[in-house]
Amino acid sequence: MKKYLALLLALVMVFALAACGGETAKPETETAQTETAADPNTLTVYAWDANFNIPALKAAEAAYQKKNPDFKLEIVQQSGSSDVENAVTLAAQANDLSTLPDIVLFQDHYIQRYVRDYPTAWTPIEGAPINWDDFGAEKLSYSTIEGVHYGVPVDNGTAIFAYRTDILEQCGYTIDDVTGISWDQWLEIARKVKEETGMALLSMDHSGDDLPYMMLQAEGVSQFEDGKPNFVNNDKMKKIIDVIVTGANDGTIILANSWSEYTDNTIVGNQVAGVMNGNWIIPTISLVAENSGKWAITTLPTIDGGKEGYAANGGSSLYITGNCKNVDLAKDFLAYTFGGGEGALETYDNALRDGGVITCCISAGQSEVYQEGVEFFGGQAIYSTIVEMGSHVPVIEQSDFHYNARTNVGNAITNIQNGGDLEAELQTAEDQVNFEMGN
Amino acid sequence: MERKQKRIGWYFLLTATALICVFSFFPMFSALVTSFKNSTGAQWITESGKPWYYNYARMFQDKTFMTTLKNTFLYLIIQVPIMLVFAILLAQILNNKDLKLRGFFRTCIFLPCAISLVSYALIFRSLFATEGLVNSILLALGFIPAKINWLGQTGTARFVIIFALVWRWTGYNMVFYLAGLQNLDYSVYEAARIDGANGWKTFWHITVPQLRPVIIMTFIMSINGTLQLFDESVNLTNGGPAGTTMTMSHYIYNNAFGTGTANFGYASAMSFLVFILVAILAVINLKVGDTRD
Amino acid sequence: MTERKKMSAIQRRLIPSYIFLVIVALFSVFPLYWMLTAATNTTQEVAQGKILFGANLMVNFRNLLASAKLWGAMGNSFFYAAALTVLSLFICSLAGYGFELYHDKGKDIVFAILLLAMMIPGVATMIPLFKMMSKMHLLSTVWGFVLPTVATPFMIMMFRQNSRNFPLEVMDAARIDGLGELAIFFRIYMPMMKSTYAAAAVITFMNAWNSYLWPRVVLTDPNSAKTMPILIANLAGGYTIDYGVLMLGVLFCSLPTVIVFFILQKQFAQGITGAIK
């Protein structure tokens, strides 16, 4: 027995040693935490892109400091939107919201389900002095759950189609020739471009498969109907997949295997003369300095042509969590900055300059900075164009299973490209989505 | 006296056993309970009118899960033997006392497993990109007529995953064999040489049996690691193309966290299938290779 | 003269072995070499597949320091991994010692049950573990990081297997000298099993340093620095990735484990399957 006591003693000593080490090694952590809790002028926020939405948040912090000089915004970087989602899931599952920050940036496509599954994890933003009419309806359709506003929009996911005008010119086209066209006409132009220059006219991240979604939205059609996947009886969907597979087989649409291949090889690596995605792709396009002045943006083609297509992809909004100790401050901060208040112009102007974040706040989009021509895009005033385009994006049916649909449609594309039958593959995809939804 | 010592022995393993019970078995038990619950884990599955075994039955109708099961076993059957044979071979070569620079070679071959998983997947993805270095080199050497879309085709994508796994873990296993070889009883070899056995015969009849405990340990480790394979599937191919390289753990993760459609009940049920599979394979392994008298 | 001839004859016979080893070594090291060069290039150069050293190292370094809490993450990773290694070695070796050198039927059964613990996918136990840590107020502490993996069946198995060659006569002799069972562990077992400890330390440290999913979950405190793998994942997230900076981060993340291996490699090789000194 004595020996066991000795052993226990030894263990306690080891533990105590480690614990002491622990305290000396991270005093910064401990004090920072308590300070945050006590400090009435500090808010903590989770965000995930050091070159995009984090500069926007810094801009907002600086703007709000004009109103409240003691204000501090602690921005905590995450590796991606999924980290924020996991943090909420874990906190809610453990019934311990204390691990959450005051505010989180959250993906538009997921928020509805998260609010429904974990209502206590969120604080509605009702009562904040925000003029909601100042935002596009499509954007607000995500962050409004059962008529209650939960989030303040940050970036604008409006899709653009950017083309290399020098390449188009080489093949005898101008930017107007690719505006308002049908996808069949587009495929023809793309073939010509491929022949003349060897470049593709479009690429897609085939691990995210966002192209079909955007192309459908430009038609005003969703992947879902009445809460169920709508693939097999969806003629628009069939045509769109046909366009993508044809383009892939022609070599005019590159299906990249990963996000990094999509950005680094196809776009930065100069393999494509056209890029269609949410406007947050612009900083990636702009990475290649020698292409300055050679790009221009326009709207999306449509199936029938004769009109311009509008879509959105991958925006996010800021939400107050259920753990926010200082809800009034958070509401005031959000309303004053991103919500279109007095600091909105400063916030959005700097967010645009530093992070390329384009507002979906209509009045903020009228500022001077937005009217400026952008040298990289041959002097085109792309930002005001994008804000304008954003107001035309049609509202389509959304689903919690957005990504399940995308993944399975993407799988169908792969299989059809390898010789599978379109009808059969779409049926398989629809069945699988139904299965995943538990229908 | 003897009995008292044996009793004291219990105290020594108490801390570890208690920790494993609290931090492994208890969560496992929680997961087992969750596997009979609904998607948020808040309600019993029977409360929504479904049978208690619903989450388990669901697996067998889930085509994606069946694909991941197939993929995982494919990796297991191809990768583990290649890697272990390769590791034994390297260990055997490096065990030769006449070989120079042994430490250097050993270090080179071990180095890959010192790298963090996140990093090595990144490195391989860049190397095997369509515009990546591997294609450039093969093209320059004239081995391939055109660039290969390595990660975009099922066969080549699986090859890249297996290649990456072999690259990372061979050195790790080799070190175990090397150490095993250094502990061998050399008098047996002398005897064998006198009997006129050749190199292959001594290797097969003397080295392998003596290495058996090490081989079993590496086998169990590798089976366990492969059936729980996660990082390569997530970071190298993201399961693509069309889910044909996705592993079970990756799919479980997607169901619990990944795609925003968390289904904790179902994810827990799938985890238990993995657990049972690993346990069965490990028991077979131990039975086949039990040397303890 | 003849001696030298004999030597070179042996070496000549080893030529195929050398060739094979050189090829394998090149394969093993090349991706690491690529990582090194990438850390000195700009992101465009990396994307274009440049494999020579560039001049961008200092710029990458400055950008890395600006975009991430590098030293904080290094410090955290080091502290967490070291704490886990020390505790794990002590607890697991004690258990391995108990299981093997005091072994009887009952302990064998307990051991077999413990082995089951390594067979469940980590994803399944993550939420229950998180709930426990949150109830015990151990989130964002070194304990939260350490406790779930401080006692692993694998480590116990390694110490247990390596104890098989431990000479029982020595123990008996020590008992006659009046040493208690625990004293035998501290004064005789630990020094004699030095190389096993070294091997176990390398493996545990490596696993702890490289672990990603659990630290990501348990280190919830928004204000503190995270660990190196998390830092790298953060660098690799986002719409545009700077590969030069990222690979420099990867380099920083890989260095400590490589150094630990270098320091302990001799004992490591001996200790893996229990050479007794």
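Of the 293 residues in chain B, 49% are buried, a residue being buried if 20 or more other C-beta atoms, placed from the backbone, lie within 10 Å of its own. This is a predicted model, in which local features need pLDDT of at least 70 and side-chain atom pairs count only at pLDDT 80 or more, whereas totals for chains, interfaces and linings use all residues. Residues are numbered from 1 along each chain as its sequence is written, while chains are lettered from A and ligands numbered from 1 in the order in which they are written.

Chain B contains twelve helices and zero strands, where helices (H or I, at least four residues) and strands (E, at least two) are DSSP runs numbered from the N terminus. The C-alpha trace of chain B spans about 75 × 75 × 30 Å along its principal axes. Of the contacts in chain B between residues at least 6 apart in sequence, 69% join residues at least 24 apart; a contact requires C-beta atoms, placed from the backbone, within 7 Å.

The predictor's confidence in each residue is given as pLDDT, from 0 to 100. For chain B its mean is 84, and 96% of the residues reach 70 or more. Within chain B, confidence is lowest in helix α8 (residues 186–194), at a mean of 73, and highest in helix α3 (residues 63–94), at 92.

In chain A, strand β1 (residues 42–47) and strand β2 (residues 72–77) run parallel and are joined by six bridges; strands pair if DSSP finds at least two bridges between them. A:Val45 has A:Ile75 in β2(A) as its bridge partner.

Conventions: Buried ≥ 20, exposed ≤ 12 C-beta atoms within 10 Å, placed from the backbone. Contact = placed C-beta atoms within 7 Å.
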